[in-house]
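Please look over the sequence and the structure shown below before reading the notes that follow. They are grouped by topic.

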Amino acid sequence: MRDTICAISTPPGIGGIAVLRVSGPDAVNIVAKILYPPVKAEKFKPNTLFHSFIKDPDKDEILDEAVISFMKAPHSYTGEDVVEISVHGGRLVPKLILELLIKQGARLAEPGEFTKRAFLNGKLDLIQARSVLDLIEARSRRGVRIALEKLRGKLSRRLEELRDKLLYLLKEIEARVEFEEDVPPLDETKLKEELIYVKNLIDKYVEEGERGALYFEGIEIAIVGKPNVGKSTLFNKLLRYERAIVTPYAGTTRDVISEEIIIEGVPVKLHDTAGIRETRELIESIGIERAKRVATSAHLVLFVIDASQEIDEDDINLWNLLEGERILVLNKIDLGIKVDLSKLKNADRFKTYLISCITGEGLEELETGIKEDIHQNVEVGGEFALSQRERALLLEAGQEIASAIQGLGGIPLDLISFHVSMSLRKLNEIFGIENIPEEILNSIFKDFCIGK
Ligand SMILES: Nc1nc2c(ncn2[C@@H]2O[C@H](COP(=O)(O)OP(=O)(O)O)[C@@H](O)[C@H]2O)c(=O)[nH]1
Ligand SMILES: [Mg+2]
């Protein structure tokens, strides 16, 4: 039998109300003990509210006025008896009530423990449980939609279809391994086709799930260029406030400054970097190292050049240092245009924008270009998001199927069967059907807040 847990489910601080949640077999008894005037357990009717006062049974002092609701097992979030106590939101009172609950025998819940119980009691599969976190953390409407669909089982249903298919194939193969004489021989061509079908579907889901995940994990954009070309000015323009210090002196930005903005529903971490050039100064050179790192790991680089100057060694060296996607930004066109892009290798492969951060010319077009690029990255149609754990397991499931396909015709049938069953196991792990070790379970729920 599980114990009874409690937590404050609303965020800390001052608010209209605060909600304390109690879940477990003793929820009603424990809460009843701190109500005043005293109530019997019968007072708690499923799915109804009643008004009461909260009082420490050992003291003669009312703590607050409250509304109590009761959801009876299994018809509650956790699948257990759940009592929720709404009190006045404040700095101290909810904490005092929480202490009372603990004194009466409830245990303070761990982060995500309510949701973990929902999973353990079969109210949610592990995919849905994880989507609760996505929903809480969603920073855009699109993110909310993706998380909600996942919570309602959209992804679970798709993966279930995969599982059913694999289960069917596994039975087909196993029948040949076990009762070779009694069943018609295996049509290997057909089996291969079906395995390829499954493999392609898995690949598609991994890719789609990765794109969808960008709505939660976000993407990174780094502004890169030699000193004094206007990186910090552009950074501030894109943020729409003066975050980075701008001066006419080269080497002003010595570290990477990062801020998050939402573009097209996608959280974008924008990095302003130290101008990259040869330098003897220690602080500046550490900043430059960081800038290089950020530029390498970013999804997109905005490469800024001073359009009013000729391209020099510093621009060229830096350009050659980069590998990934980038957008070329020719800034300061209000001072005239002198650049000759042919000095930059393969510059014509990338989108180029002429702008002036001072007059604002071209900025809108640049922003549209950035949006387009983000769209390409997350691509409309990223219909669901996979967490890193889900992605890793799905990839492994796919690898097992690939091994089965490769082995067909060459290796014994029971080995093929082994790969297919391993793949099935990985899928089951995603759902949480396979026995999952306590540490892994805890690591899944540890990112949740207390009270969820
Ligand atoms: N004329 C002109 N000056 C600019 C423009 N953008 C930035 N600057 C100036 O260039 C200098 C360096 O800008 P800053 O953003 O600090 O460059 P960073 O070193 O690349 O971060 C500052 O004096 C800015 O005001 C522009 O579009 N036109
Ligand atoms: Mg700067």
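- P37 is found in the loop between β3 (35-36) and β4 (48-55), where strands (E, at least two residues) and helices (H or I, at least four) are DSSP runs, numbered from the N terminus.
- The peptide bond that leads from Y36 into P37 is cis, and its omega is near -10 degrees.
- The loop between β3 and β4 also holds N47, which is not a glycine and yet has a positive phi of about 60 degrees.
- A further cis peptide bond runs from A73 to P74, with omega near 0 degrees, and P74 has its place in the loop between β5 (62-71) and β6 (82-88).
- As background to these cases, most residues other than glycine have a negative phi, and most peptide bonds are trans.

**How the model is to be read**

- This is a predicted model, in which local features need pLDDT of at least 70 and side-chain atom pairs count only at pLDDT 80 or more, while totals for chains, interfaces and linings use all residues.
- Residues are numbered from 1 along each chain as its sequence is written, and chains are lettered from A and ligands numbered from 1 in the order in which they are written.

**Domains**

- The protein is divided into domain 1 (5-125), domain 2 (139-214 + 387-431) and domain 3 (218-378), with bounds that come from an automatic or database domain assignment.
- Taken over C-alpha atoms, the centres of domain 1 and domain 3 are separated by 52 Å.

**Surroundings of ligand 1**

- Ligand 1 is surrounded by 21 residues, of which the closest are G230, K231, S232, T233 and C357; a residue counts as near if its C-beta atom, placed from the backbone, lies within 6 Å of the molecule.
- Helix α8 (residues 231-239) gives the most to this shell, with three residues.
- By class, the shell has seven nonpolar, 11 polar and three charged residues, where Ala, Val, Leu, Ile, Met, Phe, Trp, Tyr, Cys and Pro count as nonpolar, Asp, Glu, Lys and Arg as charged, and the others, Gly among them, as polar.

**Packing of helices**

- The axes of helix α4 (residues 126-137) and helix α5 (residues 141-151) come within 8 Å and cross at roughly 155 degrees; axes are lines fitted to C-alpha atoms, for helices over the stretch in contact, and angles run from 0 to 180 degrees between N-to-C directions.
- α4 and α5 are therefore roughly antiparallel to each other, given that angles under 35 degrees count as roughly parallel, over 145 as roughly antiparallel, 65 to 115 as roughly perpendicular and the rest as oblique.
- The contact between them includes I127 and L135 of α4 and V144 and L151 of α5, two residues being in contact if their C-beta atoms, placed from the backbone, lie within 7 Å.
- The residues of this contact of α4 with α5 comprise seven nonpolar, two polar and two charged.
- Helix α12 (residues 388-407) packs against helix α13 (residues 413-431) at an angle of about 165 degrees, with their axes 8 Å apart, and the two are therefore roughly antiparallel to each other.
- Among the residues that meet here are L393 and I401 in α12 and L415 and V420 in α13, and the contact of α12 with α13 divides into 11 nonpolar, four polar and five charged residues.
- Helix α7 (residues 188-217) and α12 have axes that come within 9 Å and cross at roughly 160 degrees, which makes α7 roughly antiparallel to α12.
- In the contact of α7 with α12, residues including L195 and I202 in α7 meet residues including L394 and I405 in α12, and by class this contact has 13 nonpolar, two polar and six charged residues.
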